[in-house]
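Hello,

Here is the structure I promised to pass on to you. Have a look at it first, and then read on for what turned up in it.

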Amino acid sequence: HCEDLNTLVSLSKRRGFVFQSSEIYGGLGSCWDYGPLGSLMKLNVKRAWWNAMTRRPDIVGLDAAILMHPTVWKASGHVDGFSDPLVDCKDCKTRFRADNTDSYLQHKKCPNCGSKNLSEERNFNLMFKTHMGPLEDSASVVYLRPETAQGHFVNFLNCQQSSRYKIPFGIAAIGKSFRNEITPGNFIFRTREFEQMEMQYFVKPGTDEGFFNQWKETRWNFYIKYGIKKENLRFHDHEKLAHYARAATDFEYKFPMGFSELEGIHNRSDFDLTQHMKFSGKSLEYFDEANKEKYIPYVIETAVGCDRLFLAFLCDAYREEITTDEAGKEDVRIVLGLHPEIAPYKVAILPLSKKEELTSIADKLRNQVAEDFDVTYDETASIGKRYRRQDEIGTPFCVTVDFETINDQAVTVRHRDTMVQERIPMSQLNAYVAGKMKS
Ligand code: ATP
C-alpha cells in the first residue's frame with residue numbers, strides 16, 4: 001500500500017501511466033492524460049467492471065450521449081440543486097468549498113492564509129455549460145453531463161423493451177462526466193473531467209431494501225476479487241440523505257490522504273423516473289405481465305469513478321521490498337502487485353542477449369503472445385534490471401529467451417510476486433498464461 005501520493009504521481013509520469021494534460025503549456029488544472037501504460041490499465045479497469053456487470057443475465061449495457069436535452073437536467077434537479085457552497089478569501093484570493101474545508105468549518109478561517117476576512121457563502125453550480133449550434137443565446141444552452149445516470153433513466157423503457165428483460169434488471173454504462181469542481185486535486189482523485197461506471201438496477205417497490213444490501217455485497221466482492229485489501233476498504237452509511245434517496249452508502253478506500261469515497265450505492269426510490277415522466281409528459285411505467293400490474297420501479301444505483309478506482313488499484317498494489325543480493329548488498333524492489341487482469345502488460349519477453357539467434361525467436365514469441373495478451377519486449381540492460389522494470393509496472397510474467405531455448409524450444413517464466421521461475425515449452429506459453437490468469 002502506498003502512503004504517499006507523490007510516489008504514485010512520479011511513478012506514473014516516469015513509467016507512462018499518467019501525465020499532466022497539456023504539460024508543455026504548464027498544464028491545465030486537474031486535467032490528466034493516461035499514457036501508454038495508463039491507457040492499457042484503464043481499459044482493463046473498465047473491462048473488469050463491464051464484464052462483472054453485463055455478463056449477468058439481468059443487466060444490459062448502454063452508451064449514451066454526453067450532451068442531453070437541457071430539460072433532463074431540470075427534471076433531475078441538477079439545474080437548481082447541483083451546487084456546492086463557495087467562499088472567497090478577500091486577502092489571499094483563495095477560493096474554497098465551505099462544506100468540506102476543516103479550517104473554515106471549525107474556525108471560519110481561510111485554509112490558505114488563515115485570514116478571517118472571508119466572503120459570504122454562495123452556491124456555485126457545478127455543471128459545465130456550452131452552446132449547441134452557432135447562436136450563443138439562452139435557448140441554445142446545453143450541459144456536459146455531470147453523471148451518466150440520467151442516460152439510463154431516459155432510456156429505461158428503450159432498454160427494457162428492446163431486451164425484453166423483466167424487472168428486476170439493470171442498465172450499466174461507462175462514460176465521461178464533467179463537474180466544475182471548486183477544489184479538484186489529489187492527482188486523479190478529484191478532477192473536472194472524469195469517467196464514471198454506473199449501474200442502475202430497476203426493482204419493484206418494496207424489494208428495494210433487499211437489493212440495496214445485495215448490491216453492497218456484490219460490489220464488495222468485486223473489489224476483493226481484484227485484489228483490494230480488506231483493511232483498506234470500508235462502508236460509510238450516510239445519515240444525511242439527498243432528497244431523493246431512501247438509503248446511501250459509500251465505499252471508502254484508504255487513499256494516501258485518508259479514507260475517501262470510491263463508490264456510492266444509493267437507493268434512489270422512484271424519484272428519477274417520476275421526475276422524467278413529469279417533465280417529458282411520457283410514461284415510464286413498467287407493465288408487469290405476470291401480475292397484470294403497472295408501476296414505477298425503484299432504482300438501486302452503484303456509481304464508481306474509473307479514475308478513482310485506477311488510483312485505488314495503484315495505491316493498493318504498490319509495495320517496496322528490501323532485498324539483498326549475493327554480495328549482501330541491500331536493494332529496494334518496487335513492485336506493483338496488480339491483479340493480472342488489471343496489469344497493463346501480462347507478459348514481458350526478454351531475450352537474454354541481443355544476438356540475432358535469440359532476438360529472432362523472441363520476436364516471434366512476442367507475436368504469438370500478442371494474439372491473446374498485451375505484451376511488451378525489452379532487450380536492453382541486465383536481466384535483473386529488466387525484471388525490476390517489469391516489477392515496477394506490475395507485469396505478472398517475465399519470459400526469458402536464452403541459449404537453451406534454441407535447443408529445447410522452451411523459455412523461463414519468472415513470476416512477479418514470488419520470483420519463482422519455471423521452464424515452459426514456447427508452444428504452450430499462451431495457454432499457460434491464460435491458465436494462470438484464471439487461478
Ligand atoms: P464526492 O463526494 O467525492 O464529490 P459524489 O458523492 O458527488 O463524490 P457521486 O455523484 O456519487 O459522487 O459519483 C459517483 C462516483 O463518481 C464517486 O464515488 C467517485 O468515484 C466518482 N466521482 C465523482 N466526482 C468525481 C470527480 N470530480 N473526479 C473523479 N471522480 C469523481
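**What was found**

Helix H12 is followed by glycine 394, which has a positive phi, near 85°. Please keep in mind as you read that this is a predicted model. H12 itself spans residues 383-393, and its buried residues are Arg386, Tyr387, Gln390, Asp391, Glu392 and Ile393.

Let me turn to the ligand. It is surrounded by 16 residues, and the closest are Glu181, Arg190, Thr191, Glu261 and Leu262. In glutamate 181, a side-chain N or O atom is 2.8 Å from a nitrogen atom of the ligand. In arginine 190, a polar side-chain atom lies 2.7 Å from an oxygen atom of the ligand. With glycine 305 the backbone takes part: one of its N or O atoms lies 2.8 Å from a ligand oxygen atom. On its own the ligand has 590 Å² of accessible area, and the protein covers 83% of that.

E13 gives the most, with 5 residues. Sorted by class, the shell has 5 nonpolar, 5 polar and 6 charged residues.

While you are at strand E16, look for glutamate 301, which lies in that strand. Is glutamate 301 buried or exposed? Its relative accessibility is 3%, so it counts as buried, since buried means under 20%. Its side chain has polar contacts with two others: one of 2.6 Å joins it to the side chain of glutamine 200, and another of 2.6 Å joins it to the side chain of histidine 266.

About 40 Å³ of space lies in the largest cavity. Among the residues that line the cavity are Leu62, Asp63, Arg145 and His152. Strand E9 (residues 169-178) gives the largest share of the lining, 3 residues. The lining divides into 4 nonpolar, 3 polar and 2 charged residues.

Finally, a few spots in the backbone. The peptide bond from isoleucine 167 to proline 168 is cis, with omega near 10°. You will find proline 168 in the loop between helix H7 (156-163) and E9.

Serine 22 is a residue other than glycine with a positive phi, near 50°. This serine 22 sits in the loop between strand E1 (18-20) and strand E2 (32-34), and its relative accessibility of 35% makes it partly exposed. Lysine 93 also has a positive phi without being glycine, with a value near 65°. Its place is the loop between strand E4 (83-88) and strand E5 (95-97), and with a relative accessible area of 65% lysine 93 is exposed.

Enjoy exploring it!

Best wishes

Conventions
Residues are numbered from 1 along each chain as its sequence is written. This is a predicted model: local features need pLDDT of at least 70, side-chain atom pairs count only at pLDDT 80 or more; totals for chains, interfaces and linings use all residues. Side-chain values use heavy atoms; hydrogens and water are left out. A residue is near a molecule or strand if one of its heavy atoms lies within 4 Å of it. A polar contact is a pair of N or O atoms within 3.5 Å; within protein, one must be able to donate a hydrogen and the other to accept it, and residues adjacent in sequence count only if both atoms are side-chain atoms. Accessible areas come from the Shrake-Rupley method with a 1.4 Å probe; for residues, only the protein chains shown count as cover. Helices (H or I, at least four residues) and strands (E, at least two) are DSSP runs, numbered from the N terminus. Ala, Val, Leu, Ile, Met, Phe, Trp, Tyr, Cys and Pro count as nonpolar, Asp, Glu, Lys and Arg as charged, and the others, Gly among them, as polar. Buried means under 20% relative accessible area, exposed over 50%, partly exposed in between (1.4 Å probe, protein chains only). On a 1 Å grid over the protein atoms alone, a cavity is a set of points where a 1.4 Å probe fits but cannot get out, and a pocket is an open set with protein on both sides within 12 Å along at least five of seven lines; lining residues have an atom within 4 Å of a point. Grid points are joined across faces, edges and corners, and a volume is the space filled by probe spheres set on the points.
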